[in-house]
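Colleague: I would like to learn how to read a protein model. Could we go through one together?

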Amino acid sequence: MKALNKLTAPKAVAPERIIQFGEGNFLRAFVDWIIKNMNDKTDFNSSVVVVQGTPDAFVTQLLEGQDCLYHVNLQGRLDGEVVNSLTRIDVISRALSPFTQFDAFLALADQPEMRFVISNTTEAGIAFDPECKLSDRPAASYPGKLTQLLYRRFKTFNGAADKGFIIMPCELIFENGHHLKEIIFKYIDLWKEELGSDYEAFKSWFSESCYVCATLVDRIVPGFPARTSTKFRKNSATETTSSFRAKHSTSGSSNARQTSRSSSSAPNSPLKRQAFRFSSLTLKLLTTNVRSPFSTVLTPSFHLSHSSAA
């Protein structure tokens, strides 16, 4: 059986527009699966750079060994019919470690086409560590690393309003975007002396040009189908060490709701429209309205929240 890599299976090439903090099963079977669908069914045309969440490089080494290709086996019911599909996910362009490739990590902010930041660093990941410094390589916490990346973005593009990031945390905590936004502001204030004359301008740029979305998303991802691995590999025609099942049991509303002070349902600025478009397309793919006997009904939804909202 052939090994899974770009020599044995086609891999799409698309602009790197998404930075993903975390390489776990959930993001790869849910968010990256969504991006695959968006690339296939719309003109989204984007790829993902995975940023390793912890110093343990085990998962990223597996991914790199397969040229960041893997399969998602989706099981459940759709419109009363049994679903058991196998999809090769090819949206991850590369993976890097901020712990050993810090300069390459910061250089992601220099790429003009980068627009989205997605994360799942577990419920404990969105936390403030007062020991973090701007000069750390890298900051210990996820919000600290993200603030370092944001500052690099601000400096590279001289505070250009159209170069702000749209940030979508998927950590399973209530109002995750609100918490992340507050912590980023805490780091900006904590690093006021290190930021020097950039402090006020950087803080304003983050407040006005970046968008932090509060999300509620979920999918059951049991992991690699060990009991049926022989059949799975036969169906995929490749030898793979980084694939897993996911449950087709999702429901939600396709009406992404703007929750900033402006409260408009159709954002007016180009950046708001892009955030709204990403979220609406994502939710449109999720509105299957099914009830599966295999798992509970999940209710994913994206609520856009401007970074300066209360």
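Modeller: Start with contact: it means heavy atoms within 4.5 Å. Now take Ile167. Leaving aside neighbours within four places in sequence, Ile167 is in contact with Val117, Tyr142, Leu146, Leu150, Leu180, Phe206, Tyr211, Val212 and Cys213.

Colleague: What kind of model is this?

Modeller: This is a predicted model, where local features need pLDDT of at least 70, side-chain atom pairs count only at pLDDT 80 or more, and totals for chains, interfaces and linings use all residues. Residues are numbered from 1 along each chain as its sequence is written, and side-chain values use heavy atoms, with hydrogens and water left out.

Colleague: How many helices and strands are there?

Modeller: Both are DSSP runs, numbered from the N terminus: helices are H or I with at least four residues, strands are E with at least two. This protein has nine helices and twelve strands. Of the contacts with a separation of 6 or more, 80% join residues 24 or more positions apart.

Colleague: What is the strand order in the open sheet?

Modeller: First, pairing: two strands pair if DSSP finds at least two bridges between them. The open sheet has six strands in the order 5-2-1-6-7-8, with parallel pairing. Strand 5 (92-96) and strand 8 (211-212) are at the edges, each with a single partner strand, so one side of each has no neighbour in the sheet.

Colleague: How many bridges join strand 7 and strand 8?

Modeller: Two bridges, in the parallel sense; strand 7 covers residues 166-169. Ile166 has Tyr211 of strand 8 as its bridge partner. Helix 5 (residues 176-190) packs on the sheet and touches both strand 7 and strand 8. Axes are lines fitted to C-alpha atoms, for helices over the stretch in contact, and angles run from 0 to 180 degrees between N-to-C directions. The direction of helix 5 makes about 120° with that of strand 7.

Colleague: At what angle do helix 4 and helix 7 pack?

Modeller: About 105°, with axes 10 Å apart. Angles under 35 degrees count as roughly parallel, over 145 as roughly antiparallel, 65 to 115 as roughly perpendicular and the rest as oblique. Helix 4 and helix 7 are therefore roughly perpendicular. Helix 4 brings Thr147, Leu150, Tyr151, Arg153 and Phe154 to the contact, and helix 7 brings Ala201, Phe202, Trp205 and Phe206.

Colleague: Which residues touch the most other members of the largest nonpolar core?

Modeller: In soluble globular proteins, nonpolar side chains tend to be buried together. Buried means under 20% relative accessible area, exposed over 50%, partly exposed in between (1.4 Å probe, protein chains only). A nonpolar core is a set of buried Ala, Val, Leu, Ile, Met, Phe, Trp, Tyr and Cys residues joined through side-chain atoms within 4.5 Å. The largest one here has 38 residues, and Leu150, Ile167 and Phe206 touch the most other members. Apart from this core lies another, of 30 residues, among them Cys68.

Colleague: Is Cys68 buried or exposed?

Modeller: Cys68 is buried, at 3% relative accessibility. Thr122 is partly exposed, at 46%.
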